[in-house]
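Have the viewer open as you read.

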Amino acid sequence: MDIFDIIGPVMIGPSSSHTAGAARIGRAARGLMDDEIAKAVITLSGSFARTYRGHGTDRALIAGLMGMAVDDIRLRDSLELAKTAGLSYEFRLEDIPDAHPNTAVLELTGVHGGRLSMRACSVGGGAIRVEKLNGMSVSFSGQLDTLVICHTDEPGVIANVSSLIAALNVNIATMQVFRRSAGGDAVMVIETDNAPDQESVNMIRRLRGIRTANLLRRL
């Protein structure tokens with residue numbers, strides 16, 4: 001545990017859970033999107049739904065989608081800045097059964113037609129947990145540099161990725177693999193001690209069986 005686990009993050013806004021955590025959720029979605037975001041439909045559940053305007057959760061989520069950090073002074077004006085930048089957004093309120101009280105579901109559309117669906121929750125102190133990606137159950141926090149790799153579930157794909165990462169001199173801290181079914185869609189979530197550069201990520205994208213690969217830099 002470090003000092004920021006006790007006192008919370010340096011941030012703009014009244015609440016580490018409702019503001020800083022929300023901004024990190026937005027930044028995580030932006031980092032996983034292969035396209036510039038044109039439209040965001042955001043569903044809020046639980047406490048997020050009840051207090052999102054008063055605690056600035058709406059502004060924080062949009063700020064994160066625009067790449068702002070939790071301590072960016074522009075966060076207060078993010079809704080207006082989004083409109084100026086051509087980012088359209090819509091907030092919906094829904095009771096999601098068995099969801100964490102601070103849950104947001106982001107449905108994103110890119111300027112070139114790219115799409116991303118992400119469900120995440122703010123778990124306290126500005127920390128988050130991503131729980132679903134394009135409908136698939138996952139679990140990661142973004143506290144370390146994280147490779148999120150969508151691929152087909154077939155022999156050799158994981159070995160090829162891990163071998164390439166080793167050859168790039170990138171050390172794996174943790175690795176998880178999630179899949180819908182044998183032979184179907186799968187997601188590798190690899191937390192690293194040292195972030196690969198963009199060319200390294202592009203090399204991973206060119207491996208057999210890889211559909212998308214994105215580096216989510218620590219939030």
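Ala120 stands opposite Val130 in strand 5. Keep in mind that this is a predicted model.

Q: What makes strand 4 and strand 5 a pair?
A: Two strands pair if DSSP finds at least two bridges between them. Strand 4 and strand 5 (residues 127-133) have six bridges, so they count as paired, in the antiparallel sense. Two residues lie between these strands in their hairpin, where Gly125 takes a positive phi near 65 degrees.

Q: How do you know that strand 3 and strand 4 are paired too?
A: The cut-off of at least two bridges applies here as well. Strand 3 (residues 102-110) and strand 4 are joined by seven bridges and therefore pair, again in the antiparallel sense. For an example to look up, Glu107 has Ser117 of strand 4 as its bridge partner. This hairpin has four residues between its strands, and Gly113 in the turn shows a positive phi of about 95 degrees.

Q: Why is strand 4 described as largely enclosed by the rest of the structure?
A: Strand 4 covers residues 115-124, and because seven of those ten residues are buried, the strand is largely enclosed.

Q: What about Cys150: why does it get the label buried?
A: Its relative accessible area is 16%, which is under 20%, so Cys150 is buried by that rule.

Q: What makes up the lining of the second largest pocket?
A: The lining has 13 residues, and Leu32, Asp34, Arg115, Asn134 and Thr212 lie nearest the centre of the pocket. Strand 4, strand 7 (145-152) and strand 10 (210-216) each supply at least two residues of this lining. By class, the lining holds six nonpolar, four polar and three charged residues. The volume of the second largest pocket is about 180 Å³.

Notes: Residues numbered from 1 in each chain as written. Predicted model: local features only at pLDDT ≥ 70, side-chain atom pairs only at ≥ 80, totals over all residues. Heavy atoms only, no water. Buried < 20%, exposed > 50% of the residue type's maximum accessible area, 1.4 Å probe, protein only. 1 Å grid on protein atoms, 1.4 Å probe; cavity = no way out; pocket = protein on both sides within 12 Å on 5 of 7 lines; lining within 4 Å. Points joined across faces, edges and corners; volume = space filled by probe spheres on them. Nonpolar A, V, L, I, M, F, W, Y, C, P; charged D, E, K, R; others polar.
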